[in-house]
Amino acid sequence: MSAPSQFAINFSEKFPSLTNSPILEAVIHWDAPTSKSLEQTSLKEKLTNRLPDYPIIQPQYGVEVKIDAPSDMPQFLQKTQWSGFRLENISQNYVAQFNNTGIAFSRIKSYEGWENFKNEALRIWNTFVELAEPETTRRLGVRFINRILVKQDESISTYLTSDPYTLSGLAISPRSFFYQDTYQVSDYPYQINLVRTIQPNQSGTGSEQALIVDIDVFTNEVSSIRDDLNQQLAEMRWLKNKIFFSNITDTALNNFGS
């Protein structure tokens, strides 16, 4: 199903500012494989020199599984190998996962607004380009994960404009659900993954559930590594906001400090 033909990104449309935002994690992700072989010790030294405000550097490892079948006795071979580094800044609210397939930059505590987050992500991206020399970006994504705590006696419709499906013929609602929708944005090079699910609140008392609204806007069309990404990121952020505020009720917005 395609979006309405009259759809257009409209930067003049303003969205509410939330003083108690439910954002759990904000991520900008580049899938951009390195063009050169990275050496662990040398890369750590370069990252330490270029990003002294990210003093926490931990190696990351990936697992490669192969099937070796020279005869009638196939063998599964598993190899663990270094794949990059996970960096945290001094206040531990920014995380950069710097590896041989690209970089994921996250704000994991107290989201403070788009401009600071985007500018810091671009600074880390430019360091990645300098050190890893990727030749292409296969995917650029803007993802926001929101967590809304729902009390045991509350209805999901208090928070979401669209109710979970009821069971046909019985008119009962599910105790848990997982909905994933995918969209292609008409006339724009963007796609959207929207996940709405509910799960136990890991940090709560058990009397609450966590409603997760996970919005991932992405594109597979980034023409150049050195492109000015501000326009694309602004459009992707607008789409993220449009989806979020279209799916959240006025009651929820009041709770979030609108």
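Two strands count as paired here if DSSP finds at least two bridges between them, and strands (E, at least two residues) and helices (H or I, at least four) are DSSP runs numbered from the N terminus. What you see is a predicted model, in which local features need pLDDT of at least 70, side-chain atom pairs count only at pLDDT 80 or more, and totals for chains, interfaces and linings use all residues. Residues are numbered from 1 along each chain as its sequence is written, and side-chain values use heavy atoms, leaving out hydrogens and water.

Let's start at the hairpin. Strand 3 and strand 4 form it with five residues between them, and Gln92 in the turn has a positive phi of about 60°. These two strands run antiparallel, joined by five bridges; strand 4 covers residues 94-99. On its other pairing, strand 3 is joined to strand 2 by 13 bridges, also antiparallel. Phe85 of strand 3 is a handy landmark: Pro59 stands opposite Phe85, and Phe85 stands opposite Phe98 in strand 4.

Leu87 touches Leu47, Leu51, Tyr54, Ile56, Ile57, Tyr94, Val95, Ala96 and Phe98, leaving aside residues up to four places away in sequence; contact means heavy atoms within 4.5 Å. Leu87 is also among the residues with the most contacts inside the largest nonpolar core, which has 64 residues. Such a core is a set of buried Ala, Val, Leu, Ile, Met, Phe, Trp, Tyr and Cys residues joined through side-chain atoms within 4.5 Å, where buried means under 20% relative accessible area, exposed over 50%, and partly exposed in between (1.4 Å probe, protein chains only).

Finally, look at Phe76, which lies in strand 3 and counts as exposed because its relative accessibility is 64%.
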